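I opened the model to look up its side-chain contacts. My notes follow in the order of the searches.

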Amino acid sequence: MTVQDGNHSAEVAARIEKRWAVISVLVVVVFVLLAAYAGIHQAVMPQGRVEITDPTRLHLSGEFVESNLGTETEPDGSVTVRAIGQQYSFTPACILVPAETPIRLRATSADVVHGILIQGTNVNTMLVPGYISEQFMRFEKTGDYLMPCQEFCSFGHEGMWGKVRVIDKAEFAARAKNGGRLSCVGE
Ligand code: CUA
């Protein structure tokens, strides 16, 4: 091997290394552009579905009057849960739902921005006054799940907790027979 050969391979190595450096920078640039595009696109496009409500009149009429809060069984066998978040509690504070059943959660806030998070699930949404948040869920196992407020809503935030109690499907059906809205408050 001559000295010249040695220089040549060093040049080749440097060239290839430079090429890979350029490729890796390009990959980063492409990902940054994609992320920027996705973020800006989402920010400027209107939401697919927006439902509004008047937070000052929730208790007077409409979907979120007190007598309509809790869990309702739909004709197709699924259930709808309606709840309100307010400083510093959820109504109902204990949500009762059946296992192995599609559940639609509809909730809103009566005052400031709160959040609903059901531990151990991917249910996690903000409750914004004036807007209805909708989430879909399904529990396979019975049991209690904690439901803390996940959005700082002033000094009582830490104490704002609810609970979701999942009971057996048949037991729920038996309790739902009398109609009305179910919850596990006070149980
Ligand atoms: Cu409600 Cu934090």
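**Entry 1**

I started with Tyr88, which counts as partly exposed because its relative accessibility is 24%. My cut-offs: buried is under 20% relative accessible area, exposed is over 50%, and partly exposed lies in between, with a 1.4 Å probe and protein chains only. Phe155 counts as exposed, at 71%.

The model is predicted, so I note its limits: local features need pLDDT of at least 70, side-chain atom pairs count only at pLDDT 80 or more, and totals for chains, interfaces and linings use all residues. Residues are numbered from 1 along each chain as its sequence is written, and side-chain values use heavy atoms, with hydrogens and water left out.

**Entry 2: aromatic pairs**

How many aromatic pairs does the structure hold? I found two. Rings of Phe, Tyr and Trp (its six-membered ring) pair if their centres lie within 6.5 Å; planes under 30 degrees apart are stacked, over 60 edge-to-face, and the rest tilted.

Tyr88 and Phe155 make a tilted pair, 5.6 Å centre to centre with 50° between the planes. Tyr88 sits in the loop between strand 2 (79–86) and strand 3 (89–91), and Phe155 in the loop between strand 9 (143–148) and strand 10 (161–167), so the pair ties together parts 67 residues apart in sequence. Helices (H or I, at least four residues) and strands (E, at least two) are DSSP runs, numbered from the N terminus.

Phe139 and Tyr145 also form a tilted pair: 4.7 Å between centres, 50° between planes. Phe139 is buried at 3% relative accessibility. Tyr145 is buried too, at 18%.

**Entry 3: cysteines**

I searched the whole structure for disulfides (cysteine sulfur atoms within 2.5 Å). The search gave one. Which cysteines does the disulfide join? Cys94 is joined to Cys184, S to S 1.9 Å. Cys94 is in strand 4 (residues 94–98) and Cys184 in the segment after helix 2 (169–176), so I logged a link between distant parts of the chain, 90 residues apart. The link of Cys94 and Cys184 is left-handed, with -90° about the S-S bond. Both Cys94 and Cys184 are buried.

I also checked Cys149 and Cys153. Cys149 is buried at 7% relative accessible area. Cys153 is buried at 3%.

**Entry 4: salt bridges**

Next came salt bridges: a side-chain nitrogen of Lys or Arg within 4 Å of a carboxyl oxygen of Asp or Glu. The whole structure has 14.

Lys163 and Asp144 meet in a salt bridge at 3.8 Å, N to O. Lys163 lies in strand 10 and Asp144 in strand 9, so this pair ties together parts 19 residues apart in sequence. Lys163 is partly exposed at 26%, and Asp144 is partly exposed at 42%.

Glu187 has a salt bridge with Arg165, the closest N and O atoms being 3.8 Å apart. Glu187 is in the segment after helix 2 and Arg165 in strand 10, 22 residues apart. Is Glu187 buried or exposed? Glu187 is exposed, at 51%. Arg165 is buried, at 18%.

Glu187 also meets Arg175 in a salt bridge at 2.4 Å, N to O. Arg175 lies in helix 2, so this pair ties together parts 12 residues apart in sequence. Arg175 is partly exposed at 29%.

I noted one network joined by salt bridges that share partners; among its members are Arg49, Glu51, Arg82 and Arg181.
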